Amino acid sequence: MTLRDKVALVTGSTSGIGLGVARALATEGVHLMLNGFGDADEIEKIRGGLASEFSVTVRYDGADLMRPEQVKAIVKKTQVELGSLDILVNNAGIQFVAPIEEFPEAKWDAILALNLSAVFHGMKAAIPQMKAKRWGRIINIASAHGLVASPNKVAYVAAKHGVVGATKVAGIELANDGVTVNAICPGWVLTPLVEQQLEERASQSGTDVATETKGLLEEKQPMLKFTSPESIGAMVVFLCSDAAQTITGAALSIDGGWVAQ
Ligand code: NAD
């Protein structure tokens, strides 16, 4: 079985992990709907670059996935403009770090809306066509924080645990419909989301980003290195393959041993 000419929507694919996943799928001949924020010229360069390098159709839609109607609209747009939606990668996510008693309520609402509710709305919108075609892959990018907690990340940890739970429910519901649903739980991946945390830590501690990078890895991971977006892309491709057809409802770690402790 080949993935050539399947169609994927990868949310939050203008940067970081989502971009790595989009690239890995394009390499397999998958047509893409990209999504996420950023500089319009930069995004167009990414879109055009993937299309010409891998000879696939690549579209972009800047839907704000905190808004349920925009989640539904981008799923529909993918199905109409690219002819199908076979692979849904719910990846877009944000972070905010503060203790609970100082955690802004608006940040809680925003993180829950994007990191958790958008996953629900995306799955709900995509499932009917996948079921009808008797083939589909839904891959939710959760986190090590979907399995264990850290202080100061109440909204993120709650949302990611929710993603793991919703993945299990969807996996069970679709078990005999040809559709698998899994969560990937990365440890540290050096993307803008983590770079921002490193800069905040450096300014709070009066050290520098290199020192904080070492500290960040040592705090959580027995293996003192970052996972790459390319490795997560390869894991998504594997989950889309025939070999992975009985993997469903799983939360798969790629975290340098973080949750093994
Ligand atoms: P990133 O900041 O590089 O990318 C996030 C993407 O989401 C960007 O494309 C951004 O434009 C998009 N986005 C932000 N708000 C959006 C909105 N309202 N609507 C649509 N798109 C929006 O971050 P990343 O590290 O690549 O994170 C991707 C996913 O991986 C997130 O769900 C994150 O929680 C998860 N994750 C990251 C790490 C890590 O160490 N970086 C670890 C575990 C899990």
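**Close-up views of cysteines and the domain interface**

**View 1. Cysteine pairing in the predicted model.** The model contains zero disulfides, a disulfide being a pair of cysteine sulfur atoms within 2.5 Å. C185 takes part in no disulfide, and the nearest cysteine sulfur, that of C240, is 16 Å away. C185 counts as buried at 0% relative accessibility; buried means under 20% relative accessible area, with a 1.4 Å probe and protein chains only. C240 is likewise in no disulfide, with the sulfur of C185 as the nearest, 16 Å away. The relative accessible area of C240 is 0%, so C240 is buried.

This is a predicted model, in which local features need pLDDT of at least 70 and side-chain atom pairs count only at pLDDT 80 or more, whereas totals for chains, interfaces and linings use all residues. Residues are numbered from 1 along each chain as its sequence is written, and side-chain values use heavy atoms, without hydrogens and water.

**View 2. The two domains.** Domain 1 spans 7-187 + 227-253 and domain 2 spans 190-225, with bounds from an automatic or database domain assignment. Their C-alpha centres are 25 Å apart. Contact (heavy atoms within 4.5 Å) involves 12 residues of domain 1 and eight residues of domain 2.

**View 3. The interface of domain 1 and domain 2.** About 650 Å² is buried between the domains, 51% of it from carbon and sulfur atoms; buried area is the accessible area (1.4 Å probe) that two parts lose on being put together, summed over both.

Methods. Buried means under 20% relative accessible area, exposed over 50%, partly exposed in between (1.4 Å probe, protein chains only).
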